[in-house]
Amino acid sequence: MATRRQQDAVLEAERSKTKPPHLYKVLLLNDDFTPMDFVVQVLQRFFAMDRERATAVMLQVHREGSGVCGVFPRDIAATKVEQVSSFARQHQHPLACVMEEE
């Protein structure tokens, strides 16, 4: 860090701290129509889960009404929600994917 003198005053660079970005949970919501295998496929494809982990999350969605797919910065979370929603619509499933601030 450099300092300079200007008319008998010492000027120092200010250090600003940047905060880490806010994180958002991406959640899948349960419905009575989307097949369980499709939910597992979505978790593997868009959240890079292995089959065992994807099955566990799918069962959590089924039993508890929702399940966390991952935690991401806002832009990434929004992209994941859009990708999943679009993929579900293309396959004519009502699977809902949402994000909420952690």
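# A walk from loop to sheet to pocket

Start by selecting Gln92: with a relative accessible area of 72%, this residue is exposed (over 50%; buried means under 20%, and partly exposed lies in between, using a 1.4 Å probe and protein chains only). You are looking at a predicted model, where local features need pLDDT of at least 70, side-chain atom pairs count only at pLDDT 80 or more, and totals for chains, interfaces and linings use all residues. Residues are numbered from 1 along each chain as its sequence is written, and side-chain values use heavy atoms, leaving out hydrogens and water.

**Stop 1: two loops**

Stay with Gln92, which sits in the loop between α3 (74-90) and β5. Helices (H or I, at least four residues) and strands (E, at least two) are DSSP runs, numbered from the N terminus. Check the backbone here: Gln92 is not a glycine, yet its phi is positive, at about 60 degrees. Most residues other than glycine have a negative phi.

Now select Ala48, in the loop between α1 and α2. What is its phi? The value for Ala48 is near 55 degrees, again positive in a residue other than glycine. Ala48 is also exposed, with a relative accessible area of 73%.

**Stop 2: the sheet**

Next, colour the strands β4, β3 and β5. In that order, these three strands form an open sheet with antiparallel pairing; two strands pair if DSSP finds at least two bridges between them. Which strands are at the edges? They are β4 (66-73) and β5 (96-101), each pairing on one side only. Neighbouring strands of the sheet are turned by 25 degrees against each other on average, direction ignored. Axes here are lines fitted to C-alpha atoms, for helices over the stretch in contact, and angles run from 0 to 180 degrees between N-to-C directions.

Zoom in on β3 (residues 23-29), which is joined to the antiparallel β4 by seven bridges. On the other pairing, β3 and β5 run antiparallel over six bridges. Select Lys25 and look both ways: opposite it stands Val71 in β4, and Glu100 stands opposite Lys25 in β5. Then pick Leu29, whose bridge partner in β4 is Ser66.

**Stop 3: the helix across the strands**

Show helix α2 (residues 51-64), which lies across β3 and β4 and runs at about 125 degrees to β4. Within this helix, select Val57. Is Val57 buried or exposed? Val57 counts as buried because its relative accessibility is 0%. Leaving aside residues up to four places away in sequence, Val57 touches Leu43, Met49 and Val68, where contact means heavy atoms within 4.5 Å.

**Stop 4: the largest pocket**

Finally, select Asn30, Asp31, Thr34, Met36 and His62. Of the 13 residues lining the largest pocket, these lie nearest its centre. On a 1 Å grid over the protein atoms alone, a pocket is an open set of points with protein on both sides within 12 Å along at least five of seven lines, and lining residues have an atom within 4 Å of a point. The volume is about 160 Å³, counted as the space filled by probe spheres set on the points, which are joined across faces, edges and corners.

Both α1 (36-47) and α2 supply at least two lining residues each, and the largest share, three residues, comes from α2. How many of the lining residues are nonpolar, polar and charged? There are eight nonpolar, three polar and two charged; Ala, Val, Leu, Ile, Met, Phe, Trp, Tyr, Cys and Pro count as nonpolar, Asp, Glu, Lys and Arg as charged, and the others, Gly among them, as polar.

Key: On a 1 Å grid over the protein atoms alone, a cavity is a set of points where a 1.4 Å probe fits but cannot get out, and a pocket is an open set with protein on both sides within 12 Å along at least five of seven lines; lining residues have an atom within 4 Å of a point.
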